[in-house]
Amino acid sequence: MYQVSMGDSGITVDNKNKKIALDPNKQPDSDLIFISHAHTDHLYRCAKYNGEKIISSKITHKIAMHRGYKYGDLYEEHNFRLLDSGHILGSNGLFVDDELYYTGDISIRKRAFMKPAVIPKARILIIESTFGHPDYIFPKFETTIHKANLIISEMYHQGIPVILLGYTLGKAQILTNVFRHWKPLIIHDSIHEMNKLYSEFGISMDDYVTYSDAEKTNKLSSHRPWLLIAPLASCKNGLLNHMKKKYGALSIGFSGWAVKPYYKYALGLDYCFPLSDHCDYNDLNTVVRKCNPEKIYTFHGFAEQFAESLRLLGYDANSLVHKRGNSEKTYKKLDAFFSKSKS
């Protein structure tokens with residue numbers, strides 16, 4: 001019998017008198033802690049060295065440690081299965097006793113070197129629903145990259161530099177890979193740090209110069225084209241405006257939220273394409289069908305809306321919400337995605 005609940009620290013599964021905290025946002029009251037991947041909204045800084053035991057992939061553990069999180073050694077004497085969730089390098093879902101499957105953040109689309117998630121059959125499914133609304137349907141990955149290449153080609157023909165923007169960890173490495181044929185290719189230093197980790201795990205990330213080196217060697221110019229890959233957070237911290245004013249650069253952002261036309265205006269971008277490391281609404285439904293669960297819990301983003309849509313299809317589905325007083329709020333508010341960029 002599994003008890004799935006949402007508390008102050010996040011989702012907890014009570015499994016045979018062992019409590020497993022799933023991607024907690026602060027120190028949980030649990031026996032085990034599962035960390036699905038190394039995005040900062042799935043990590044917390046106050047882990048105990050003695051007490052809770054950390055379950056994660058070695059790649060996620062190394063990236064988290066590199067980012068300053070101190071989790072100690074991984075607990076490897078468990079009987080759970082870690083399944084590739086297709087989100088970023090090292091991301092995993094957790095499969096408990098071949099019965100309960102927690103997706104973490106998930107994608108079932110092949111994107112450059114990223115493979116689709118592995119989806120098991122499970123009696124209980126805990127599924128993220130970041131884009132669990134029918135408004136969010138993404139085009140094919142290849143179509144998005146083709147459209148971006150056409151814009152870059154036209155800008156290069158006119159001698160105009162281009163800035164591509166994506167999340168520092170995950171999206172930026174895909175952009176580095178698929179646009180590496182444009183020269184000179186310049187990579188923001190924060191993204192370079194993540195690229196080096198990807199290279200350590202066998203994903204080629206080379207043949208470019210860093211932003212700081214490009215500045216020193218005068219590779220940045222308003223008189224000739226170049227391609228810079230920068231963090232999406234640059235839209236908020238002033239770097240993007242500086243680059244546009246100084247060099248006349250054109251900006252292209254990549255995010256699943258770009259399905260909505262106002263997103264590019266909110267971030268001050270010239271173009272923005274729907275490209276996500278999450279499932280869109282149709283993909284989420286595909287995960288549910290493949291898993292074929294008896295019970296479903298939804299979390300993040302459009303959790304309540306997605307659970308309701310699943311109930312209309314005949315599934316036993318509920319959203320996991322954090323209760324505060326007499327009100328219920330989704331565990332992760334949608335507006336959090338617009339107020340700051342994921343790293």
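In this predicted model, the protein carries 44 positive and 36 negative side chains, and the centres of these two sets lie 4 Å apart. The accessible surface of the protein amounts to about 15000 Å², and carbon and sulfur atoms account for 48% of that area.

The dimensions of the chain can be considered next. Along the principal axes, the C-alpha trace spans about 65 × 45 × 35 Å. The radius of gyration is 21 Å, which agrees with the value near 20 Å that a compact globule of 343 residues would have. Of the 343 residues, 58% are buried, and among the contacts with a separation of 6 or more, 61% are made by residues 24 or more positions apart. The secondary structure of the protein consists of 11 helices and 19 strands.

The cysteines come next. A search of the whole structure finds 0 disulfides, and Cys 279 accordingly takes part in none, the nearest cysteine sulfur being that of Cys 291 at 12 Å.

Some features of the backbone geometry are found in loops. Lys 183 and Pro 184 are joined by a cis peptide bond, with omega at about -10°, and Pro 184 lies in the loop that runs between α3, residues 171-178, and β11, residues 185-187. In another loop, the one between β7 (92-96) and β8 (100-102), lies Asp 97, whose phi is near 55°, a positive value in a residue other than glycine. Asp 98 is also placed in the loop between β7 and β8, and the phi of Asp 98 is near 55°, again positive although the residue is not glycine. With a relative accessibility of 22%, Asp 97 counts as partly exposed, since that category begins where the buried one, under 20%, ends.

The region around α1 brings several of these kinds of description together. In this helix, which comprises residues 58-66, Ile 59, Thr 60, His 61, Ile 63 and Ala 64 are buried, and what covers the buried residues of α1 includes α4, residues 189-200. An α-helix has 3.6 residues a turn, so residues three or four places apart point the same way. Just after α1, Gly 68 adopts a positive phi of about 100°.

Gly 68 is also one of the residues in contact with Arg 45, which, once its neighbours within four places in sequence are left aside, touches Arg 67, Gly 68 and Tyr 69. Arg 45 is placed in the loop between β4 (32-34) and β5 (53-55), and it is exposed, with a relative accessible area of 58%. Between Arg 45 and Ala 64, which are 19 residues apart along the chain, the C-alpha atoms are separated by 10.0 Å; Ala 64 is one of the buried residues of α1, whereas Arg 45 is exposed.

Terms used
Residues numbered from 1 in each chain as written. Predicted model: local features only at pLDDT ≥ 70, side-chain atom pairs only at ≥ 80, totals over all residues. Heavy atoms only, no water. Helix = DSSP H or I, 4+ residues; strand = E, 2+ residues; numbered from the N terminus. Rg over C-alpha atoms; globule rule 2.2 N^0.38 Å. Buried < 20%, exposed > 50% of the residue type's maximum accessible area, 1.4 Å probe, protein only. Contact = heavy atoms within 4.5 Å. Areas by Shrake-Rupley, 256 points an atom, 1.4 Å probe, with all protein chains shown as cover. Lys, Arg positive; Asp, Glu negative; His and termini not counted. Charge placed at Lys NZ, Arg CZ, Asp CG, Glu CD. Disulfide = S-S within 2.5 Å.
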